[in-house]
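Visitor: I'm new to this one. Can you put it up and take me through it?
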Amino acid sequence: MSGFGAVGARLYAWFNRHPETNRAVVDLAELRAGEPVLEVGCGPGVALELAARQAGAEYVAAVDPSETFVAMARKRVPGADVRLAGAETVPFADGSFAAIYTLASMHHWDDRDAGLARLTAKLAPGGRLLLAERLLDRPGHGITPGQIGEVAARLTDFGQTGVRTVERRVGRRTLAVLVSERPLAA
Ligand SMILES: C[S@@+](CC[C@H](N)C(=O)[O-])C[C@H]1O[C@@H](n2cnc3c(N)ncnc32)[C@H](O)[C@@H]1O
């Protein structure tokens, strides 16, 4: 399911040690101490470590379908609840999280709509969802403006409000972050 075997995961972790994109997403999430937070597709746990500094390690959870990445993230953030799962099978109770974020993971999901439905269900009332991908001109390891439109429409279908795209320049890349909230009242 993940596409990252043990060797691929170790190579990814080695070549992606720089936290600028991770920091950009965690900063946008504006995490507060004691807020339950979920990262989806956490990889080696670089952003998870940043999130744990803000929310507290015991308040952060993560999922990834790669056993190697799960082991790396658990080691990097002791105290975090890191589980082996994909976006489509997130195991936590509905309404659990004040914030859910994902970075460079959505383009790997087997079933994007199922993942979006699952994540929106896991948000508490008023909870925020941040979906970050590298902005691309054509489909690939990131997201195109056309795909952003598709995801925004699905988020609205799933009841999210305030759906908008925030762009952040990180080095030579542009990060597109789809931000939305769960309504306070159903
Ligand atoms: C390019 S890596 C990004 C890792 C990390 N978020 C980062 O920015 O360093 C893509 C991640 O998505 C994960 N992934 C693959 N399929 C997934 C799925 N269906 N649901 C959630 N994550 C998935 C991979 O295992 C991997 O950790």
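Guide: We will go through the ligand site and then a few single residues.

Guide: This is a predicted model, in which local features need pLDDT of at least 70, side-chain atom pairs count only at pLDDT 80 or more, and totals for chains, interfaces and linings use all residues. Residues are numbered from 1 along each chain as its sequence is written, and side-chain values use heavy atoms, with hydrogens and water left out.

Visitor: Which N or O atoms lie by the ligand's nitrogen and oxygen atoms?
Guide: An N or O atom in the Asp-64 side chain is 2.5 Å from a ligand oxygen. A backbone N or O atom of Gly-41 lies 2.8 Å from a ligand nitrogen, and for the side chain of Glu-88 the distance to a ligand nitrogen is 3.1 Å. The protein buries 96% of the 590 Å² that the ligand exposes when taken alone; these areas come from the Shrake-Rupley method with a 1.4 Å probe.

Visitor: New topic. Where is Glu-30?
Guide: In the loop between α2 (20-29) and β1 (37-40). Helices (H or I, at least four residues) and strands (E, at least two) are DSSP runs, numbered from the N terminus.

Visitor: Is Glu-30 buried or exposed, and why?
Guide: Glu-30 counts as exposed because its relative accessibility is 57%. Buried means under 20% relative accessible area, exposed over 50%, and partly exposed in between (1.4 Å probe, protein chains only).

Visitor: What about its phi?
Guide: Glu-30 has a positive phi of about 45°, although it is not a glycine. Most residues other than glycine have a negative phi. Ala-104, also not a glycine, has a positive phi of about 55°. Ala-104 lies in the loop between β4 (97-103) and α5 (112-122), and it counts as partly exposed because its relative accessibility is 30%.

Visitor: And Ser-180, where is that?
Guide: In strand β7 (residues 173-181). Ser-180 counts as buried because its relative accessibility is 0%.

Visitor: Which side chain does Ser-180 have a polar contact with?
Guide: That of Gln-160, at 2.9 Å. A polar contact is a pair of N or O atoms within 3.5 Å; within protein, one must be able to donate a hydrogen and the other to accept it, and residues adjacent in sequence count only if both atoms are side-chain atoms.
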